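I open my notebook on a new model. Below are the entries, in the order I looked things up.

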Amino acid sequence: MPNSPSEPPRRITMRRRGPLLVEGPVEVELEDGTTVSSDRFRVALCTCRRSRRYPWCDTSHRLAGGRCPARLFQP
């Protein structure tokens, strides 16, 4: 949902084996309730939890023999 009628909705691009790409700026609430934010025009959110900069993807999944596991797409 946009914040106001004049704002377009945020676009999130899902990759089968990779990070979620989110059009920014964004604010992310973590499991423990803390909030992190980025003012970049697009951010990559880690879905495999291998990132040393979690929740931001740092491409650590590439060092682990390929791509992220498809956690978000598992039944």
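**Entry 1: cysteines.** I began with cysteine 57, which counts as buried because its relative accessibility is 15%. Buried means under 20% relative accessible area, exposed means over 50%, and partly exposed lies in between, with a 1.4 Å probe and protein chains only. I looked at cysteine 48 too, and at 4% relative accessibility cysteine 48 also counts as buried. Next I searched the whole structure for disulfides and found zero. A disulfide is a pair of cysteine sulfur atoms within 2.5 Å. Cysteine 57 is in no disulfide, and the nearest cysteine sulfur, that of cysteine 46, is 5.6 Å away.

**Entry 2: what kind of model.** This is a predicted model, in which local features need pLDDT of at least 70, side-chain atom pairs count only at pLDDT 80 or more, and totals for chains, interfaces and linings use all residues. Residues are numbered from 1 along each chain as its sequence is written, and side-chain values use heavy atoms, with hydrogens and water left out.

**Entry 3: confidence.** I checked pLDDT, the predictor's confidence in each residue, from 0 to 100. The protein chain averages 81, and 80% of the residues score at least 70. Where is confidence lowest, and where is it highest? Helix H1 (residues 60–63) is lowest at a mean of 76, and S4 is highest at 95. Helices (H or I, at least four residues) and strands (E, at least two) are DSSP runs, numbered from the N terminus.

Entry 4: I followed strand S3, residues 26–29. S3 runs antiparallel to strand S4 (residues 35–38), and four bridges join them. Two strands pair if DSSP finds at least two bridges between them. Valine 28 stands opposite valine 36 in S4. S3 and S4 form a hairpin with five residues between them. In the turn, glycine 33 has a positive phi of about 95°.

**Entry 5: the open sheet.** I then traced three strands that form an open sheet in the order S1-S2-S5, with antiparallel pairing. Strand S1 (12–13) and S5 stand at the edges with a single partner strand each, so one side of each is left without a neighbour in the sheet. Strand S2 (residues 20–23) is joined to S5 by four bridges. Glutamate 23 stands opposite arginine 42 in S5.

**Entry 6: a loop residue.** Is aspartate 39 buried or exposed? Aspartate 39 counts as exposed because its relative accessibility is 71%. I found aspartate 39 in the loop between S4 and S5. Its C-alpha atom is separated by 8.7 Å from that of glutamate 27, twelve residues apart along the chain.
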